[in-house]
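Please look through the structure shown here. This briefing takes it topic by topic.

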Amino acid sequence: MKYGVLWRKSTKNIGDDMQSYAASLYLPQIDYMVDVKELDTFEVPDDEPVATIMSFWYMWHKWNWPPSKHLYPMWMGMHYSDLQRGRPDGMVCKYEYIVDGVGRDYFRMYEPIGCRDYYTQKAFEKLGISSYFSGCITLTLPRRDIPPADHDYVVVVGVETAVKKAIQNQLKGTGIEVKVIEPTRPEHSDTLTWEERKAEVIEMLETYQNAKCVITFRLHCALPSLALGTPVLLVRSSFKSPRFNPYKNWLHTAKPEQVIAGEYRDFILNPPKNPDNFKETRDQIDKNVKEFIAKAQAETLKASEIFQPPYTEQEKLEWQNKMMKESLDKYFRIVNQNTSTINKLNKTIDKLNNSFETVDPEVKGTEVVAMYNRHPKAFHTMQKLYHLFR
């Protein structure tokens with residue numbers, strides 16, 4: 001048996017690498033890095049199965065389903081939501097790759113599917129796929145054997161600027177340093193090796209571990225901090241996102257305006273311990289993953305002998321082709337409709353620009369307001385299209 005680490009090779013989000021690193025700690029060795037964007041084309045030369053913990057956010061890339069026969073998967077910590085990738089105009093693919101034909105047949109080979117949040121679990125159940133809440137593998141991240149920090153500091157990750165500045169002002173004169181960490185890289189990380197990215201993750205985790213507390217907007221900063229035992233405060237305007245259920249109940253939470261108003265200054269100065277209601281889930285993840293690795297180590301069959309799907313390779317290719325055609329057809333129809341709308345609005349803009357030429361510069365601002373009042377629908381549509389096609 002070989003062993004693989006699932007990663008998103010092109011990601012800017014260091015939280016993705018946190019998940020990959022947490023999974024890698026369970027493996028006897030790393031033989032392959034498995035790119036989540038290329039699941040269907042992943043191959044190994046000797047037909048040996050590659051045991052891989054499939055804990056990730058899926059379906060950002062629609063054409064790579066179902067995964068390769070060479071993957072010996074443990075489906076846990078899976079998240080799939082149409083909220084960001086399916087609902088925006090122009091995004092025509094939602095659950096099609098799970099609910100239809102070969103896509104669903106693949107999942108049913110590995111039921112029950114471990115889901116990272118209740119939203120994904122309920123979505124799978126509605127689709128007729130057996131599932132359970134498994135939690136996120138970053139909850140198993142262990143504390144590292146490192147010396148304690150030589151001074152007090154708090155870590156601020158991904159919060160809005162006003163919150164960051166408020167914390168910095170509130171801690172002036174206390175002797176507590178405010179370390180601001182970016183949760184993403186400035187560029188995609190295609191050129192970085194796994195070793196380089198792992199070193200970056202370890203450095204960040206050690207910073208979290210020695211912090212007085214961590215204040216963050218990001219789930220994949222909050223959960224590792226929870227695992228490490230560092231007091232963490234999750235700061236968001238809303239906690240309604242399905243990704244945060246049940247985790248919002250496992251963390252201290254606050255809204256940005258509360259932190260800005262100073263209501264959490266005492267929390268930062270004397271942070272309470274985190275709730276410990278996550279530990280049962282963490283322990284179950286640890287148990288399940290260790291059992292999976294033990295099973296993989298005992299496996300002697302080749303990948304083609306283990307992987308016995310209820311569909312042929314030809315049926316899989318025909319299904320993929322059908323899904324691509326249907327999705328692209330929907331997409332082209334939406335693009336055509338939006339292109340027509342853009343052309344009409346461009347003509348309206350040209351007319352408005354022409355009318356501007358005769359307007360005194362001092363009153364142009366007033367004219368803009370007047371034109372907005374006359375054409376609010378056109379302005380809102382242009383704003384929507386700008387965000388869609390920028």
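What follows starts with the whole protein and then turns to its parts.

This is a predicted model, in which local features need pLDDT of at least 70, side-chain atom pairs count only at pLDDT 80 or more, and totals for chains, interfaces and linings use all residues. Residues are numbered from 1 along each chain as its sequence is written, and side-chain values use heavy atoms, with hydrogens and water left out.

**Whole protein**

- The protein has 15 helices and 11 strands. Helices (H or I, at least four residues) and strands (E, at least two) are DSSP runs, numbered from the N terminus.
- Of its 390 residues, 46% count as buried. Buried means under 20% relative accessible area, exposed means over 50%, and partly exposed lies in between (1.4 Å probe, protein chains only).
- The accessible surface comes to about 19800 Å². Carbon and sulfur atoms hold 49% of that surface. Areas come from the Shrake-Rupley method with a 1.4 Å probe, and for residues only the protein chains shown count as cover.
- Take the contacts in the protein with a separation of 6 or more: 70% of them join residues 24 or more positions apart. Contact means heavy atoms within 4.5 Å.

**Aromatic rings**

- A search of the whole structure finds 17 aromatic pairs. Rings of Phe, Tyr and Trp (its six-membered ring) pair if their centres lie within 6.5 Å; planes under 30 degrees apart count as stacked, over 60 as edge-to-face and the rest as tilted.
- Why is the pair of Y247 and W250 edge-to-face? The planes of Y247 and W250 stand at 90 degrees, with ring centres 5.3 Å apart, so the pair counts as edge-to-face. W250 is buried, as is Y247.
- Ring pairs also build a cluster from W65, W75, Y106, F107, Y110, F124 and F307.

**Charges over rings**

- K179 has its charged end over the ring of Y153, 4.1 Å from the ring's centre. A charge sits over a ring if NZ of Lys or CZ of Arg is within 6 Å of the ring centre and within 35 degrees of the ring normal.
- R236 has its charged end over the ring of F217, 4.0 Å from the centre.

**Helix α8 and what comes after**

- How many residues of α8 are buried? The count is 10 of its 10 residues.
- These buried residues pack against α1 (14-24), β7 (153-157), α7 (194-210), β9 (213-216) and β10.
- G229 follows α8, and its phi is positive, near 85 degrees.
- T230 lies in the loop between α8 (219-228) and β10. T230 is buried, with a relative accessible area of 1%.
- The side chain of T230 reaches the backbone oxygen of Y208 at 2.9 Å.
- Setting aside neighbours within four places in sequence, T230 is in contact with residues including Y208, A211, S225 and N274.

**A211**

- A211 lies in the loop between α7 and β9. A211 is buried, with a relative accessible area of 9%.
- Not counting residues up to four places away in sequence, A211 touches Y153, V155 and T230.
- A211 and E177 are 34 residues apart in sequence and 9.8 Å apart in space, C-alpha to C-alpha.

Terms used. Polar contact = N/O pair within 3.5 Å; in protein donor to acceptor, adjacent residues only side chain to side chain.
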